Structures are given as C-alpha cells and as structure tokens.
Amino acid sequence: MKKIIIYVFLFVLVMLTFLIVYFVNNYFSERVKVYIENKGVVHTQDFIQKSIMENVINDIKISELYIINKDSNEQTKNIIINTSQVNKIFSSVNKTLNKDMNAISFEQLNIPLSSIFGETIFSSIGPDIKLRVIPSGKYKCDVISKATDYGINNSLFEIYITIEMKIETIVPLQKSESKVNCKIPIVMQIIHGEVPRYYYNTDKLVPDVYDTNEQ
C-alpha cells in the first residue's frame, strides 16, 4: 500500500513539474508575446477610432472642409481644401486624445489563461489574466488628402486622419512595447473625370498628383 502511495505521489509530482515547465515555456514564448501585443494594439485602435468618431468626426462640417471646382463641361478642375477647418480638426483630435488616452490606462482586458497553451479545446477554461495598455511617449497626428485613379475615367478623393502612437502592453511578469497606427476616414468621394489637383486655400499644391511617391 505504501508503495502505491509513493508511486502515485511521484506520478503527481512529475506531472505537476511537467505542467509548470510547459506553462512557463508557453507563457514566455514569442507566440504569447505577439498574441498579447496584438490584443493591446487592436484594443487601442478600436478605442481611438471610437473616440475620434464620437468627438471629432461628428462635429466636422464637411461642406466647409473642401470645395470642388468644375469647368464649363462639368469636369472637375481642382479641389480646394480649407486649412482653417483642417486646423480645427487638429485641435479637436489633440483635445480628445489628451483626455481619452489617460482613460485607456485605467482599462483592463481579460485574457483567458488557457489561451497561453494555444489549444482551442481549452479556450474557455480557466481563470483570466489581466492585461493593461498604457500609452507611452507622444502621439503623431496628421490630416491627409489624397486623390487616386478609381475605375474607368473616375478618381477617388479622400481626406482622413492618421494617428500613430506607442503603447506598452503589460501582463504579470511581462511588458512589451508596440506601435499603433490608425486611419480614420473623413471624406471618401468618387469624382468623375481625371485625377484632379488639390490645394489648400493658401494656393499651395499638396502634393503634386503626378508624384508617384505620393502617400
């Protein structure tokens, strides 16, 4: 009887040791690091887009943001972008991000501990681990205008906000840094005719539409 108890004890000890080693190897693996970073990036992107849509996009007066000039044949000649409206967008974005980025630091994401093992059969089993996302450093914001060929004798004119920032994703015993990029559309309009030139109302061409390096 004593031998059976000893064998059972040794078996349990070996299994526990194996599980601990298996868990540690998985927890600190590159796969888990990427998984956690992606969770943080996607959460931050959703948070930023929702915040900008609610606090900035809904207040933009599209009719005052740009003007399309046409010739006598109703063909688009150029597009004038109102810099004063662009500056208002910058101001609203900065105000919103400065306020809401502090809030995201206090949010916590729950990740199933079983996801560490990477087995779908255990995906809903076990306790959760806490993941925090903390914006680090400064963010970069820009308002981009772009016109590109679209189909036959059409062009697509876009104005959108781009936001770039770095974040730290933190879980117990692990911390990593990631870069978050967001592209939030303001205007997407199909224009009939060739790709037009577009200007700020300072008469500065931004950029030359024939520049193949245009972003």
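A residue is taken as buried when its relative accessible area is under 20%. By this criterion, buried residues make up 35% of the 215 residues in the protein, the model of which is predicted rather than determined by experiment. The accessible surface of the protein comes to about 13800 Å², and carbon and sulfur atoms account for 57% of that area. Four helices and seven strands were assigned, and their order from the N terminus on is α-α-α-β-β-α-β-β-β-β-β.

In soluble globular proteins, nonpolar side chains tend to be buried together. In the present model, the largest nonpolar core comprises 42 residues, of which Ile 52, Ile 161 and Ile 163 touch the most other members. At least two residues of this core are supplied by each of α2 (30-55), β2 (76-81), α4 (83-104), β3 (108-112), β4 (128-149), β5 (154-171) and β6 (174-192), and the greatest contribution, seven residues, comes from β5. When neighbours within four places in sequence are set aside, the contacts of Ile 163 include Ile 48 and Ile 52, together with Val 93, Leu 97, Lys 140, Cys 141, Val 180, Asn 181, Cys 182 and Ile 184.

Helix α2 has 26 residues and reaches 37 Å from its first C-alpha to its last, which is close to the 38 Å expected at 1.5 Å a residue. Its buried residues are Val 32, Ile 36, Glu 37, Gly 40, Val 41, His 43, Thr 44, Phe 47, Ile 48, Ser 51 and Ile 52; two of these, Ile 48 and Ile 52, are in contact with Ile 163.

Strand β1 (residues 66-70) and strand β2 run antiparallel and are joined by five bridges, with Asn 69 standing opposite Asn 78 of β2. The two strands form a hairpin in which five residues lie between them, and Glu 74, located in the turn, has a positive phi of about 65°.

Ser 155 is a residue of strand β5, and it counts as buried because its relative accessibility is 0%, whereas the cut-off requires a value under 20%.

Terms used:
Residues are numbered from 1 along each chain as its sequence is written. This is a predicted model: local features need pLDDT of at least 70, side-chain atom pairs count only at pLDDT 80 or more; totals for chains, interfaces and linings use all residues. Side-chain values use heavy atoms; hydrogens and water are left out. A nonpolar core is a set of buried Ala, Val, Leu, Ile, Met, Phe, Trp, Tyr and Cys residues joined through side-chain atoms within 4.5 Å. Buried means under 20% relative accessible area, exposed over 50%, partly exposed in between (1.4 Å probe, protein chains only). Contact means heavy atoms within 4.5 Å. Two strands pair if DSSP finds at least two bridges between them. The expected span of a helix is 1.5 Å times one less than its number of residues. Accessible areas come from the Shrake-Rupley method with a 1.4 Å probe; for residues, only the protein chains shown count as cover.
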